[in-house]
Amino acid sequence: MLNMRKYKHIVPFWPFVVLLAFGFVNESIGQGLQDEELLKDVSANDIQEVISSYKGDKAVLINVWATWCAPCIEEFPHIVELQQKYEDDLHVVFVSADFPKQREKALEFLRAQNVDWPTYFKTGKDQPFIEALSDDWSGALPFTKILNNDGAVVASWEQGAGYEKFERFTKKAINN
């Protein structure tokens with residue numbers, strides 16, 4: 001039998017050590033993706049590859065946003081909620097159109113919104129990127145495009161939207 005009197009000076013500290021260790025592990029889990037995984041650079045050429053990687057698997061909601069765009073910020077939680085609600089059938093592709101010096105602000109915003117999947121940061125010139133996403137997009141933000149799992153466009157628009165609009169077209173894309 002272990003003589004606890006001999007180790008009495010250690011016993012009071014073990015719960016603290018276990019909790020401290022768990023706290024560090026838990027904190028690193030809570031951090032989720034590293035910055036470079038959470039917000040990856042994407043060019044006009046690469047964005048189509050990202051989107052088509054879900055073809056045949058899930059419906060895709062593409063949302064181009066920026067931290068300086070009030071309607072983007074307003075609608076963002078609705079899209080995050082849809083990603084969580086329909087995670088088995090929908091993949092959200094967020095693309096930040098922030099200026100390069102605002103990248104850190106975009107990362108902070110994504111973390112504050114509890115985004116825990118890879119998102120993208122637009123690189124390169126605007127016009128090729130706009131054309132890569134849609135012939136109908138003028139470049140105004142926010143921009144949303146929803147595809148069914150076959151890659152067909154279900155809806156696209158250039159303005160902010162409420163939860164109901166996002167969900168209506170998400171359901172249509174999933175059920176197509």
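**Reading the fold**

A: Start with one residue in this predicted model. Thr119 counts as buried, at 1% relative accessibility. The cut-off for buried is under 20%.

Q: Where is the place of Thr119?

A: Thr119 sits in strand β4.

Q: Which residues is Thr119 in contact with, leaving aside its neighbours within four places in sequence?

A: Thr119 touches Glu37, Leu38, Leu39, Lys40, Phe94 and Leu110, once neighbours within four places in sequence are left aside.

Q: How do I read a sheet, and in what order do the strands come here?

A: Strands of a sheet pair through backbone hydrogen bonds, either parallel or antiparallel. Here six strands form an open sheet, and the order is β1-β4-β3-β2-β5-β6. The pairing is mixed. At the edges are β1 and β6 (153-157), and each pairs on one side only. From one strand to the next, the twist averages 20°.

Q: In which sense do β3 and β4 pair, parallel or antiparallel?

A: The sense is parallel, over two bridges. Look for Val95: its bridge partner in β4 is Tyr120.

Q: How do I find the buried face of a helix? Which residues of α3 are buried?

A: An α-helix has 3.6 residues a turn, so residues three or four places apart point the same way. Now take α3, residues 44-52: Ala44, Ile47, Val50 and Ile51 are its buried residues. Seen down the axis of α3, these fall within an arc of 105°, so they line one face of the helix. Asn45 and Glu49 are exposed, on the face turned away from the buried side.

Q: What covers the buried residues of α3?

A: The cover includes the strands β1 (39-42), β2 (59-65), β3 (90-96), β4 (119-122) and β5 (143-147). It also includes helix α6 (126-133).

Q: Which strands does α3 lie across?

A: Helix α3 lies across β1, β2, β3, β4 and β5. Relative to β1, α3 runs at about 120°. Compare helix α7, residues 163-175: it lies across β2, β3, β5 and β6, running at about 160° to β6.

Q: Which residues are buried in α6?

A: In α6, look for Phe129, Ile130 and Leu133. Down the axis of α6, its buried residues fall within an arc of 100°, so they too line one face of the helix. Their cover includes β1, α3, β2, β3, β4 and β5.

Q: How do I read a core? Which residues have the most contacts inside the largest nonpolar core?

A: In soluble globular proteins, nonpolar side chains tend to be buried together. In this model, the largest nonpolar core has 52 residues. Phe94 and Leu133 have the most contacts inside it. Strand β2 gives the largest share of this core, six residues.

Q: What is Phe94 in contact with, leaving aside its neighbours within four places in sequence?

A: With those neighbours left aside, the contacts of Phe94 include Trp65, Phe76, Ile79, Val80 and Trp117. Thr119 and Tyr120 are also among them.

Q: Is Ser134 buried or exposed?

A: Ser134 is buried, with a relative accessible area of 10%. Its place is in the loop between α6 and β5. The side chain of Ser134 reaches the backbone nitrogen of Asp136 at 3.0 Å. Leaving aside its neighbours within four places in sequence, Ser134 is in contact with Phe143 and Lys145.

Terms used. Residues are numbered from 1 along each chain as its sequence is written. This is a predicted model: local features need pLDDT of at least 70, side-chain atom pairs count only at pLDDT 80 or more; totals for chains, interfaces and linings use all residues. Side-chain values use heavy atoms; hydrogens and water are left out. Buried means under 20% relative accessible area, exposed over 50%, partly exposed in between (1.4 Å probe, protein chains only). Helices (H or I, at least four residues) and strands (E, at least two) are DSSP runs, numbered from the N terminus. The arc is that of the directions from the helix axis to the C-beta atoms. Contact means heavy atoms within 4.5 Å. Two strands pair if DSSP finds at least two bridges between them. Axes are lines fitted to C-alpha atoms, for helices over the stretch in contact, and angles run from 0 to 180 degrees between N-to-C directions. A polar contact is a pair of N or O atoms within 3.5 Å; within protein, one must be able to donate a hydrogen and the other to accept it, and residues adjacent in sequence count only if both atoms are side-chain atoms. A nonpolar core is a set of buried Ala, Val, Leu, Ile, Met, Phe, Trp, Tyr and Cys residues joined through side-chain atoms within 4.5 Å.
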